[in-house]
Structures are given as C-alpha cells and as structure tokens.
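Biologist: I am new to this structure and would like to go through it with you. Could you bring it up, please?

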Amino acid sequence: MYKLFNNKTFIKKALNIGLSYEIAKIIAHWKAEGFMKEAFLFNIEETKKAYNNNKPTVWCSTFVPSELIYSIGGVPFMPEVAAGFVSKIGMAAETLHKAESDWFNNDLCSIHRCGTGLMLEGYMPEPDYIIASSHLCDGAKRYLQHISQEYEVPFYLLETSYYNNEIKYLIKQIKELIDDIGITPNFEKVFKRSNKAYNYHKKVNELRKKDPVVFSGERALNLVTMEFMSFGSKKGIKFYKKLANTLEKRIRNNEGIIDQQRYRLLWLHLKPYYSQEIFTTLREKKAVIAFEEYYQLYWEKLNIDKPYYSLAKKMINHFGWGELKEQKNDILELINNYNIDGVIGFSQWGCRQNNGRMGMLKKELKDENNIPFLNIHGDLVDSRNYQEGQLRTRLQAFVELIDMKKGGK
Amino acid sequence: MLTAGIDVGSRTTKVVVLDNQKWIGEKIQKTGANSIKRAEEVFDLVLDELDLKKEDINYIIATGYGRVNISFADEKVTEITCHGLGAHKLFPGTKTIIDIGGQDSKVISLDDSGRVDDFIMNDKCAAGTGRFLEVMADNLEVPLENIGELSLKSNEPADISSTCTVFAESEVISLVAEGVKKSKILRGLHKAIVRKMIGMVHRVGLNKEITMTGGVCHNNGVYEILEKELGFKINRPSKPQYVGAYGAANLANIKLKKQN
C-alpha cells in the first residue's frame with residue numbers, strides 16, 4: 001500500500017477516476033462503523049466532487065465557513081486539510097521539498113508549504129474560485145492568491161475584522177463575493193443542516209464533560225476536517241449525530257478510552273498528523289486529552305433571516321481571533337467545564353497567530369491560576385521537525401509534575 | 001534499605017547507590033554507542049566496589065534520555081523530576097535548578113516543598129550544552145578541563161553571537177584567524193551560554209535560591225559569569241553530574257517506603 005502512495009502517477013490517476021472513490025466507499029462501509037464511517041464517507045464524497053468538477057470547486061482557507069461554499073452550490077476544498085492527509089500517509093516531505101524548491105521559505109507554515117507543493121506536483125483538483133479569510137493564518141491569503149494566479153481563477157479575500165463592532169465591512173465583502181460569483185445562494189437549506197449538526201455537536205461537547213474520558217483528543221483532532229468542512233452538509237449532521245450516540249453508549253457502559261485514567265488534559269491548537277508517539281506517551285502515564293480548543297462551538301447558530309451577518313459573525317467569533325483576554329477566559333472556562341488537570345499548548349513552526357499568545361497563556365494559566373501548562377514546539381505536517389525522545393521527556397515530565405501537584409510522588 | 005538511581009545521559013552514564021538515604025557509592029562512564037551495555041557495566045562496577053549484587057538493591061529508578069531501555073530498573077522517571085529531587089535533597093532551599101548536561105540543558109523550578117513546579121528544556125539541537133563546549137575546546141586545541149580556568153584570565157569576552165555549535169564554530173575560527181586570544185574567545189563562549197541559560201531562567205521565573213547541576217558545573221568560567229550576571233551566589237554541588245542519579249535513588253527510596 002505504501003508503495004502505491006509513493007507512485008505519483010497512480011495517485012493522480014486514482015484521484016481522477018470515479019471507480020477509486022467507489023472502492024474507497026466499499027472499504028469504508030466494510031471496515032468502519034458509526035461516526036468513523038460517516039467521516040470517511042464524507043471525505044471520500046467531497047474529494048470525489050472536487051475532482052469530478054460537476055460543481056464549482058472552491059478552494060478556501062480553513063477558517064472560511066463551509067456554509068458559505070455549500071450555499072452557492074460549491075464543493076469546499078481546503079489545501080490545509082489535504083496537507084494533513086498527505087502528512088498522515090507519509091508524503092509530506094516530498095511536497096514540502098517541492099514548495100521549498102519553488103522559493104517557499106522554510107519559515108512559512110509547513111501546512112501552507114505542503115499545500116503549495118501538492119499544487120505544484122499536480123495532485124490537486126483544479127479550482128473554480130479561491131477564497132481566503134484574513135483571520136488567524138497570515139500566510140494563507142498569500143499562498144492561496146499565488147495559487148489563484150497559477151490557475152488563473154478568481155481570488156477573493158475576506159478581510160476579517162478583529163473586533164465585533166467592525167462586522168459591517170465583512171458582511172459587505174461576503175455579499176460582494178456572492179454577487180461577483182453570480183450564483184443565487186441557498187442559505188435556508190444549508191443553514192438548517194448546519195444548525196442541526198450544531199445541536200448534535202453541542203450534545204457531544206456536553207457528553208465529553210463526563211468521566212472517564214470517552215472520546216480521545218487524538219481522535220477528535222484526527223477528525224478535525226469535520227469541524228472545518230462538514231457544517232452545512234448532510235453528512236455533517238449524520239456524523240455528529242452518530243458521534244453523540246456513540247458517546248452516550250460509552251458513558252452508559254462506563255467505557256473510558258484507557259484503563260485507570262488519572263488525568264484530563266486540554267490540548268491547544270492542532271496536533272502533528274504524521275506518525276508520532278505524543279498521545280501514546282500520555283496514555284502510558286494515564287493521561288488523556290479530554291478536550292481540545294478546536295472542538296469549541298465558538299459561533300451562534302446561523303440565522304436564516306440574517307445570513308450575511310451570521311456568516312460574518314461566525315468568522316469574527318473564532319476562538320483564536322479577537323482579544324487575548326477573551327481567549328484566556330474561554331480557555332479558563334474549558335478548564336473548569338472539562339475538569340482539566342493540565343494544558344498542553346502546541347506551537348506549530350511558523351504559526352504566528354498561535355505562538356504569539358503562548359507566553360501570555362503560560363503566565364495566565366500557570367502563574368495566575370496555578371494550572372500546569374506545557375508549551376511544546378513541533379510541526380503539524382513536517383516530520384523532519386519532530387524529535388521523539390525530547391518530546392517524550394517533556395510530556396512525561398509534565399504528567400509527573402501534575403502527579404506531584406496532586407499529591408503523588 | 002538499598003536503593004539506586006541510574007542516569008543514562010547522552011554523554012555519560014551515572015549511578016548512585018543509597019543505603020537508607022545515605023550516599024554510599026557512585027560511578028560515572030561515557031555512555032558511548034551502546035547505552036544499554038554501558039548502563040549494565042557502570043551498574044556492575046559500582047556494585048563490585050560496594051561488594052553488592054543487583055538483587056541486594058531493593059529499588060532501582062532509571063532516568064536520563066536512555067532510561068527507557070534499562071530493563072533492570074524497577075521504574076523509569078524523567079530527568080526533570082529526578083534532578084528536581086536531587087537538588088532539593090542536596091540544597092533544601094533550592095527554588096531553581098540550572099542543569100547544563102552533555103547534549104541538553106534545562107531549567108527547573110521547584111515549589112516550597114521541593115516538588116517540580118515548572119520546567120523548560122533546550123530545543124532539539126545541542127546549542128549551548130556540554131557538547132558545544134567540547135567542540136569549541138577542540139577547535140581551540142585546549143583540553144576541555146582547562147577551558148574554565150583559561151577563560152578567567154580574560155576580563156573582556158569576545159563577542160560570540162550564537163550558541164549554535166555550527167555558527168559559533170565559524171565565529172571562533174574567524175576570531176582565531178584575527179589573532180584574538182583564546183582566553184577571550186572562551187570567555188565569550190561562556191558568556192553566550194550564560195546568556196541563553198538566563199533567558200531560560202526568566203521563562204520559568206527567577207527565584208532564589210539557584211542550584212547548578214550537570215557536567216558544565218565543573219567549568220569555573222561558566223559558573224563565575226552565571227553568578228555575576230545573576231547578581232547572587234548559586235549552589236554548586238561537589239558532584240554535579242550525579243544530581244539526577246542521586247534524585248532517582250532518593251525517589252526509589254520514597255517509592256519503596258510507600259510500597260512498604
């Protein structure tokens with residue numbers, strides 16, 4: 001199987017042949033069940049749609065609301081998500097090299113470099129439009145605009161205001177974008193789907209407060225595509241519904257994800273998508289990620305009477321955007337709600353928006369609130385920046401520290 | 001009640017044996033290419049000296065980067081926890097530990113009861129560690145054990161901007177070519193290490209009292225600049241390389257007591 005993934009021609013052909021998606025679906029039905037099956041099917045179907053070009057393929061940065069794309073009948077395609085996938089299957093180094101040899105500097109976020117490398121290697125589906133938002137990832141708008149020039153397709157930037165009171169400008173831009181594309185949006189259908197999924201997601205987040213932990217952070221972060229891309233789709237509803245059902249069942253049966261779990265941790269930012277031992281190391285120490293900041297429902301349900309406002313609000317309300325004081329308060333609330341013993345903040349190489357807040361968070365959590373905080377540095381997709389031994393020591397020492405704080409030795 | 005701590009570091013392997021918390025023996029050897037074999041050898045050496053057998057030791061804790069492979073240890077604990085406890089046992093007032101080892105450096109802060117409160121380790125390269133000094137000593141053709149004293153002969157450090165071994169090596173070569181005295185270059189190198197360590201100290205919070213551990217503690221040049229920059233005296237163990245193993249042996253003692 002690995003050899004096939006290393007065969008460029010095979011991959012390119014497979015991505016463009018309908019039969020390969022049918023085979024993938026059969027495997028998903030055969031091998032997976034419950035919410036995992038829904039997640040696989042969602043990803044297979046959306047990828048197929050992106051490549052077969054029956055609907056407009058809209059490349060977008062991860063923080064553009066998927067509801068906007070579904071409303072105009074488009075297929076959202078997020079190169080950042082694709083970067084995570086290729087990292088998972090061990091192909092990232094090759095695509096990173098490709099981007100680096102085309103003047104994409106090592107200091108840029110590896111996710112963006114990897115996305116660019118995938119485009120340069122010819123793996124990506126051709127876009128009809130490209131939409132980037134300016135919030136959080138400063139590199140996204142640049143590399144996506146660069147890609148739009150390569151493909152000669154329209155590029156739209158949604159300049160996302162930092163403060164809520166400046167929302168009008170964003171609303172205006174969303175309206176103009178839709179007018180320019182010229183497709184009448186079907187907000188009603190898409191918003192209804194999004195809000196249904198939202199209700200199940202809310203239930204999931206409530207269930208995750210229970211002890212023992214019944215849904216691991218590792219799994220949740222592996223499925224983060226669903227957070228980025230599934231809202232507004234039918235499959236999104238099914239996924240969160242089945243996830244809620246599974247968690248309810250696990251709680252009823254007292255089925256924690258590890259035996260003798262001792263510590264509940266909160267994970268900030270995303271996780272590395274290549275093979276690594278981070279979560280196994282924590283499990284060995286009886287610690288599990290009970291919740292992740294990326295699983296927060298940071299937006300309000302979408303209002304069909306105010307569609308542009310709702311979409312703009314969803315963007316501005318992002319947990320990683322806006323005043324640091326609010327981010328800190330959100331994290332403190334999560335610590336309280338999820339009965340957290342310690343916080344791990346992952347710093348992605350080249351990620352200014354996330355890394356710039358780590359010092360403040362460390363001081364606020366550890367010094368002001370006596371909550372153990374570990375900042376680990378690494379890379380989400382580039383395994384060349386991963387040092388297992390050193391990371392293991394930090395993680396183990398962190399759990400030992402929590403253990404001592406709780407009276408053990 | 002006999003307990004032992006074995007600290008398998010990247011450069012050296014250390015063993016300390018305690019009898020009811022009393023330090024009765026120790027041994028150190030270069031780790032080399034086969035850390036498992038070397039750990040066995042060092043352990044056997046100290047046991048021979050003490051006329052003991054492995055089964056006489058009631059509890060063994062392994063620490064250091066090679067801890068995971070020590071099959072004869074009862075438990076494996078990180079060097080952060082072990083250094084914390086070791087320094088606390090030697091200097092009970094210790095609030096901060098500066099450890100500069102062979103290939104890593106760390107700063108650990110302890111709470112009032114001597115438990116680890118926070119820590120920070122160097123990034124993945126060996127910048128500003130013992131290995132960094134070894135490479136520089138080699139470049140300057142000065143025996144490693146003499147670089148501390150030699151650096152003290154200069155009051156004026158050369159300007160070394162980096163603790164990256166590769167970058168600093170280039171700087172040292174340039175300075176040598178310019179005819180700058182070795183003592184001045186060494187003082188500059190030591191200052192660069194201290195600058196990096198003080199930055200790490202501030203990240204976990206500067207709390208008096210500070211204990212320095214690790215092999216670089218033997219270097220008077222680093223030690224003197226560190227005290228000068230901090231503005232106060234710091235604790236210096238007589239056997240700084242053994243602090244991790246000593247902490248591990250003490251932790252073994254605590255574990256054993258809990259079990260009984």
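Biologist: Which residues does K242(A) touch, not counting those up to four places away in sequence?
Modeller: K242(A) touches G34(A), F35(A) and E38(A), where contact means that C-beta atoms, placed from the backbone, lie within 7 Å. This is a predicted model, in which local features need pLDDT of at least 70 and side-chain atom pairs count only at pLDDT 80 or more, while totals for chains, interfaces and linings use all residues. Residues are numbered from 1 along each chain as its sequence is written, and chains are lettered from A and ligands numbered from 1 in the order in which they are written.

Biologist: And where does K242(A) lie?
Modeller: K242(A) belongs to helix α14 (residues 234–252) of chain A; helices (H or I, at least four residues) and strands (E, at least two) are DSSP runs, numbered from the N terminus. Between K242(A) and M36(A) there are 8.8 Å in space, C-alpha to C-alpha, although they are 206 residues apart in sequence.

Biologist: Why does K242(A) count as partly exposed?
Modeller: Because K242(A) has 18 C-beta neighbours inside 10 Å. A residue is buried with 20 or more other C-beta atoms within 10 Å of its own, exposed with 12 or fewer, and partly exposed in between.

Biologist: What about N254(A), is it buried or exposed?
Modeller: N254(A) is exposed, because 10 other C-beta atoms lie within 10 Å. N254(A) sits in the loop between α14 and β5 (263–268) of chain A, and has a positive phi of about 55 degrees although it is not a glycine. Most residues other than glycine have a negative phi.

Biologist: Changing topic, which residues have the most contacts inside the largest nonpolar core?
Modeller: Those are L265(A), L266(A), I6(B) and A248(B), in a core of 185 residues. Such a core is a set of buried Ala, Val, Leu, Ile, Met, Phe, Trp, Tyr and Cys residues joined through C-beta atoms within 7 Å.

Biologist: Which residues is L266(A) in contact with, leaving aside its neighbours within four places in sequence?
Modeller: Its partners are A290(A), F291(A), L334(A), I335(A), Y338(A), I340(A) and V343(A).

Biologist: How many residues does the contact take from chain A and from chain B?
Modeller: Chain A gives 13 residues and chain B gives 14 residues. On the side of chain A that touches chain B, helix α20 (residues 388–405) supplies the largest share, nine residues.

Biologist: Last one: which residues does a cis peptide bond join in chain A?
Modeller: D211(A) and P212(A) are joined by a cis peptide bond, with omega about 0 degrees. P212(A) lies in the loop between α11 (187–207) and α12 (217–222) of chain A.

Notes:
Two residues are in contact if their C-beta atoms, placed from the backbone, lie within 7 Å.
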